[in-house]
Amino acid sequence: MTTFVDRVVLHVQAGDGGHGCVSILREKFKPFGGPDGGNGGHGGDVVLVVDPGVHTLLDFHFRPHVKAGNGKGGQGGNRDGAQGGDLVLRVPDGTVVQSVDGEVLADLVGAGTRFIVARGGRGGRGNAALANARRKAPGFAELGEPGDRLDVVLELKSVADVGLVGFPSAGKSSLISVLSAARPKIADYPFTTLVPNLGVVQVGDDTFTIADVPGLIPGAATGKGLGLEFLRHVERCAVLVHVVDTATLEPGRDPLADIDAIEAELAAYGGLAERPRLVALNKIDVPDGRALAELVRPDLQARGLRSFEVSAATHEGLKELTYAMAELVREHRAASPPPEPTRIVLRPTAVDDTGFTVTADEDVYVVRGPRPERWVRQTNFDNDEAVGFLADRLARLGVEDALAKAGAEPGATVRIGTREFDWQPSVYAGREYLPGNRGTDYRLDEASPRPSAADRLAARKARRQRPPDEPPLADAEPPLSDADPAESPLSDADPAESPLSDADPAESPLSDADPGGSMTGDADPSSTLR
């Protein structure tokens, strides 16, 4: 059964934001209660936190799919939805977070280091938050934004001060078992150690960690044996110790050849040339081993390598070796810069940054930007009023002007995020939103003859302006009282054409009327209206 895992592929899904609520207050004695739809809750984040008590990625090996909590939807009565809970994943110290393509996203070193690997989606605003002076009772709400969904690779690089490297069965596990409290598996066959082992060594006032890396063989840097999987564990080591088997009986092997082979693999892996080296000539408790160690000591000194003759079985020479390792670790720590607290980096947006770009991809104009894409994701396209609200926001942001400058014509295909639609600037340009039935927008009706606010203003100005051929008031024609009698339409009118000239008195409705002007026929004159 696998007990150590140092590389896993994690399928991460942050929580989705809750939808906003569309609600209108209906209460006795409040005929115009107004909108009271609450906002949706934000989705939870997926957070990685370094825990010193965790030493392997085994948990993620068995549960590679993780998901944070979703935000709850808003409700009427101005009640906002609950926030989704964050999912905190505890990882070992030295975990490297990478994308599937190999891009390093974070290097988690130090207890308590946090990294948000996936952010939760925003909750949608309810119609109460969308109301304004012009749109007093919106008939729509924003949808919740989906959370991030991605795959990441977690790689564990052990954080140790000293790394033990060497051929299989060189005695590395035996050495770490007597130098520390670690109890690795020890046997008399190659590749007994299949996973790195960490131990803590205390020498006087110095304390450091030591790592036992599985055996390396020629070609390990290219994937041969187990070296490719575990060479990364020595990247963080400040000191490398060559553990050499001086009692090996394999033909063609000797301490110098073993060191040359391991150094070639370390050079092929890269990044380890500047690390200080020590050589531990192990198994001197065997007579042939002691003789061979004394034989190769001058050659090692000629190469500038400090060597120590040790025996994991009898503990001979281990004190000198541990003090030498502690000295090199102390020098490395003194030369390293002191750790600085994490700085908060502020990156303000440039003044001329519009927040989006418009590019032509064959016959499709693609609008890219965090705000336009988020607005599209949060729009309910089944609601015409919501679509009109989205169009107004895009127009205020300058998307329509940018499309026109890019050469887009009415009817061109525009893509924002995962949505494609035909661009019709005449539907929105210069047209003012006027409230109508909730959930509708008259501007989306192409056959609507209703003029825009700009059209009504232009018509009003045209009515107020005097025609250019109309004379001023001083030169206007005199009124009819002072006009020429010859031009009067009633001056020389033919009496026969007058409708009242020869009218029969009997036909006149007032011919036999009472002189007193009574409106009641035979009524007494005293009762007439005065």
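Colleague: Patches are made of residues with over 30% relative accessible area and no salt bridge, with like charges joined within 9 Å and nonpolar side chains (Val, Leu, Ile, Met, Phe, Trp, Tyr) within 5 Å. Which residues form the positive surface patch here?

Modeller: R456, R460, R463 and R464 form that positive patch. Lys and Arg count as positive, Asp and Glu as negative, and His and the chain ends are left out of the count. A charge is placed at NZ of Lys, CZ of Arg, CG of Asp or CD of Glu. Before we go on: this is a predicted model, where local features need pLDDT of at least 70 and side-chain atom pairs count only at pLDDT 80 or more, while totals for chains, interfaces and linings use all residues. Residues are numbered from 1 along each chain as its sequence is written, and side-chain values use heavy atoms, with hydrogens and water left out.

Colleague: Okay, where does R456 lie?

Modeller: In helix α11, residues 453-464. Helices (H or I, at least four residues) and strands (E, at least two) are DSSP runs, numbered from the N terminus.

Colleague: And what's the relative accessible area of R456?

Modeller: R456 has 31%, so it goes down as partly exposed. Buried means under 20%, exposed means over 50%, and partly exposed is in between. The areas come from the Shrake-Rupley method with a 1.4 Å probe, and for residues only the protein chains shown count as cover.

Colleague: New topic. How many salt bridges does a search of the whole structure find?

Modeller: The search turns up 15. A salt bridge is a side-chain nitrogen of Lys or Arg within 4 Å of a carboxyl oxygen of Asp or Glu.

Colleague: What does R7 form a salt bridge with?

Modeller: With E155, and their closest N and O atoms are 3.4 Å apart. R7 is in strand β1 (residues 7-13) and E155 is in strand β8, so this pair ties together parts 148 residues apart in sequence.

Colleague: Is E155 buried or exposed?

Modeller: E155 counts as buried, at 12% relative accessibility. R7, on the other hand, is partly exposed at 42%.

Colleague: What about D16, which residue does it form a salt bridge with?

Modeller: D16 pairs with R149, and the closest N and O atoms are 3.2 Å apart. That links distant parts of the chain, 133 residues apart: D16 sits in the loop between β1 and β2 (46-50), and R149 in strand β8. D16 is partly exposed at 22%, and R149 is partly exposed at 45%.

Colleague: Where do I find K283 and D245?

Modeller: Their side chains meet in a salt bridge, 3.2 Å from N to O. K283 is in the loop between β13 (277-282) and α6 (287-302), while D245 is in strand β12 (residues 239-245), 38 residues apart. K283 counts as partly exposed at 26%, but D245 is buried at 7%.

Colleague: Which residues are linked in a network of salt bridges?

Modeller: R125, E142 and R393 are linked that way.

Colleague: Are F140 and F389 buried or exposed?

Modeller: F140 is buried, and F389 is too.

Colleague: Last one: which residue has a positive phi of about 60° although it is not a glycine?

Modeller: That's E362. E362 is found in the loop between β15 (357-361) and β16 (364-368), and at 76% relative accessibility it counts as exposed. N78, also not a glycine, has a positive phi of about 55°. Look for N78 in the loop between β3 (65-67) and β4 (87-91).

Key: Buried < 20%, exposed > 50% of the residue type's maximum accessible area, 1.4 Å probe, protein only.
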